[in-house]
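Let's take a walk through this one together. Have the sequence and the 3D view open, and follow along.

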Amino acid sequence: MKITAARVIVCCPGRNFVTLKIETDEGVTGVGDATLNGRELAVASYLQDHVAPCLIGRDPQQLEDIWHYLYKGAYWRRGPVTMTAIAAVDTALWDIKAKIAGQPLYQLLGGRSRSAVMVYGHATGADIAQTVDEVLRHQEEGYRAIRAQSGVPGLDKVYGVSTTGRMYEPADGSVPAEHDWDSAKYLRHTPELFEAVRLAVGEETHLLHDVHHRLTPLEAAQLGKSLEPYRLFWIEDPTEAENQQAFALIRQHTTTPIAVGEVFNSIWDCKQLIESQLIDYIRTTVTHAGGITHLRRIADLAALYQVRTGSHGATDLSPICMGAALHFDTWVPNFGIQEYMPHSELMLSVFPHDWRYERGMLYCGESPGHGVDIDEKLAARYPYQRAYLPVNRLQRDGSLHSW
Ligand code: CS2
Ligand code: MG
């Protein structure tokens, strides 16, 4: 069997997605997600201008050799653009390999380790009362794990809270929106939020929170300590993660579990965090961490140190990523939890899929492959629209801060 085409499809059914479709001379095709929120065209060009010409004529079943060919062959290794491009190729080739075998993808990874995949949903609100209502609504719907994010008094816009009344979508506008930030206001507010949420939901429901890279290690330690009475499932991205050693300081002060990794793109970004047990969950994804081939290496390293998976699953990861992630989650022995921010009906219409959601659990399908495709005709109706993630500035002096 030979690869005959590797086509990049960019579409915007409510938000931008980049999809790679690999075709073969025996008619079997596979698709991979190559969406990098706010930098989509960089990956599209990397794939169509640099990667696709090297794939034509290759055997699609040699996915490991192709992975190393694209990783080492580029000379310039790692980074979000390169690893997202490699991930899209890898995911499409795993899709093809499973279709050739006539098996759902999880069977090729090692078979089913669980009957279903526990997910966490997103509850957000402009203030504590609204957020509590949203958490209770999710609990009603059957979610066993719920992430709570609320507005912060004195701050205009904060991560995770929609100001449009529609589903939260951070990427917007033809230039980056500017948000303001004040860690002290956030540190005062967040324990109050979780005191109210925990009181409302009781002891059983898992509660999660995303700090989104904004605190210093010591501030993150203060936050973790202040949230201990509310027994969170995790705080996520408590501080910038380039300095993996910084997490040792957080660990010294708090037992609140820590999740990191959605912005990581290789095992090297998290090797120290895992080996020193500075985190409890690794959030790397099929789309941004080199595909299934590399993500399983990260998961295997994590398993040695009792670190569990908790893959990122925001709507800027396409339904193809969600499909592949569900097969991965169904197999991976050290599974923790899967983020589930449901795509809109419009987005899902462009990506026919066979997974289903039911009362806090996701179920991958049994069709051969990862169970997702792209409706190219429909996708063509929604052309790319440039959109940026916001930037963040400190309220006190306007200096640039992590968003
Ligand atoms: C967030 C993401 O879901 C999360 O945990 O960190 O929504 C993140 O802000 C976006 O994926 C950025 O594109
Ligand atoms: Mg996050």
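**Starting at the metal site**

Keep in mind as you look around that the model is predicted. Asp210 is buried too, with a relative accessible area of 3%.

What coordinates the magnesium ion (ligand 2)? The donors are Asp210 (OD), Glu236 (OE) and Glu262 (OE), sitting at 1.9 to 2.2 Å. Asp210 belongs to strand S7 (residues 206-210) and Glu236 to strand S8 (residues 234-236), so this pair ties together parts that lie 26 residues apart in sequence. Read along the chain, the donor residues of the magnesium ion follow the spacing D-x25-E-x25-E.

Now move over to a sheet. This one is open, has three strands in the order S6-S15-S16, and its pairing is mixed. Strand S6 (178-181) and strand S16 (400-401) form the edges, each pairing on one side only. Between S15 (residues 391-394) and S16 the sense is antiparallel, over two bridges. If you want to find that pairing on screen, pick Asn392, whose bridge partner in S16 is His401.

Last stop, a pair of helices. Helix H10 (residues 291-304) packs against helix H11 (residues 319-331) at an angle of about 35 degrees, and their axes are 12 Å apart. The crossing of H10 past H11 is right-handed. On the H10 side, Ile292, Leu295, Arg296, Ala299 and Asp300 meet Ala324, Phe328 and Trp331 of H11. Sorted by class, that contact has six nonpolar residues, two charged ones and no polar ones.

Terms used
Residues numbered from 1 in each chain as written. Chains lettered and ligands numbered in written order. Predicted model: local features only at pLDDT ≥ 70, side-chain atom pairs only at ≥ 80, totals over all residues. Heavy atoms only, no water. Pairing = 2+ DSSP bridges. Helix = DSSP H or I, 4+ residues; strand = E, 2+ residues; numbered from the N terminus. Donors = N, O, S within 2.8 Å, 3.2 Å for Na, K, Ca; no water. Buried < 20%, exposed > 50% of the residue type's maximum accessible area, 1.4 Å probe, protein only. Axes fitted to C-alpha atoms, helices over the stretch in contact; angles between N-to-C directions. Left-handed = near helix turned anticlockwise from the far one by under 90°. Contact = heavy atoms within 4.5 Å. Nonpolar A, V, L, I, M, F, W, Y, C, P; charged D, E, K, R; others polar.
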